[in-house]
Amino acid sequence: MAGVAAQGFSTSPDCPLDLAYLARQTFGDVELEREVLGLFVGQCDRLTPVICAGDDQSKRSDAAHTLKGAARAVGAFALAAAAEDGERSLARSGDLRGQLGERLEQAAAAAREAALRRIAGQDS
């Protein structure tokens, strides 16, 4: 039987993952949580460069939409918000205005690192 996630969740606004939300999504199943987070890390790695440096506006917008959903699914709400803002900006102007691209990259990196720590069995 798969292990159950620990009850000492960190839901601080500074935490890039809402671990209580993630535990609810994965029914407290640690193995399922690790599998879902592994998929999420792969999506961060694949989608963030497309959004921030891709050539095709449609692909960039689709990637932002996909990353937004993936982030929401694991409780990476700051990343989801940045991806949503990026999606809107790309739809309006075809570009990530101002510091939006940097914000998205930083949020993706923070969520990715938190996911990797969680996969490794370290609470973030």
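Visitor: Why is cysteine 44 counted as buried?

Guide: In this predicted model, cysteine 44 has a relative accessibility of 3%, and because buried means under 20%, cysteine 44 falls in that class.

Visitor: What makes cysteine 15 buried or exposed?

Guide: Cysteine 15 has a relative accessible area of 12%, which is also set against the limit of under 20%, so cysteine 15 is buried.

Visitor: How many disulfides does a search of the whole structure find?

Guide: The search finds 0 disulfides, where a pair of cysteine sulfur atoms would have to lie within 2.5 Å to count.

Visitor: Why is the pair of tyrosine 21 and phenylalanine 77 called edge-to-face?

Guide: A search of the whole structure finds 1 aromatic pair. The ring centres of tyrosine 21 and phenylalanine 77 are 5.1 Å apart, within the 6.5 Å that pairing requires, and their planes stand at 70 degrees; because planes over 60 degrees apart count as edge-to-face, the pair takes that name.

Visitor: What does this pair tie together?

Guide: Tyrosine 21 belongs to helix 1 and phenylalanine 77 to helix 4, so the pair links parts that are 56 residues apart in sequence.

Visitor: Why is phenylalanine 77 counted as partly exposed?

Guide: Its relative accessibility is 36%, and because partly exposed lies between the buried limit of 20% and the exposed limit of 50%, phenylalanine 77 is placed there.

Visitor: How do you know that the span of helix 3 agrees with its number of residues?

Guide: Helix 3 has 18 residues, which at 1.5 Å a residue should span 26 Å, and its end C-alpha atoms are 26 Å apart, so the two agree.

Definitions and conventions
Residues are numbered from 1 along each chain as its sequence is written. This is a predicted model: local features need pLDDT of at least 70, side-chain atom pairs count only at pLDDT 80 or more; totals for chains, interfaces and linings use all residues. Side-chain values use heavy atoms; hydrogens and water are left out. Helices (H or I, at least four residues) and strands (E, at least two) are DSSP runs, numbered from the N terminus. The expected span of a helix is 1.5 Å times one less than its number of residues. Rings of Phe, Tyr and Trp (its six-membered ring) pair if their centres lie within 6.5 Å; planes under 30 degrees apart count as stacked, over 60 as edge-to-face and the rest as tilted. Buried means under 20% relative accessible area, exposed over 50%, partly exposed in between (1.4 Å probe, protein chains only).
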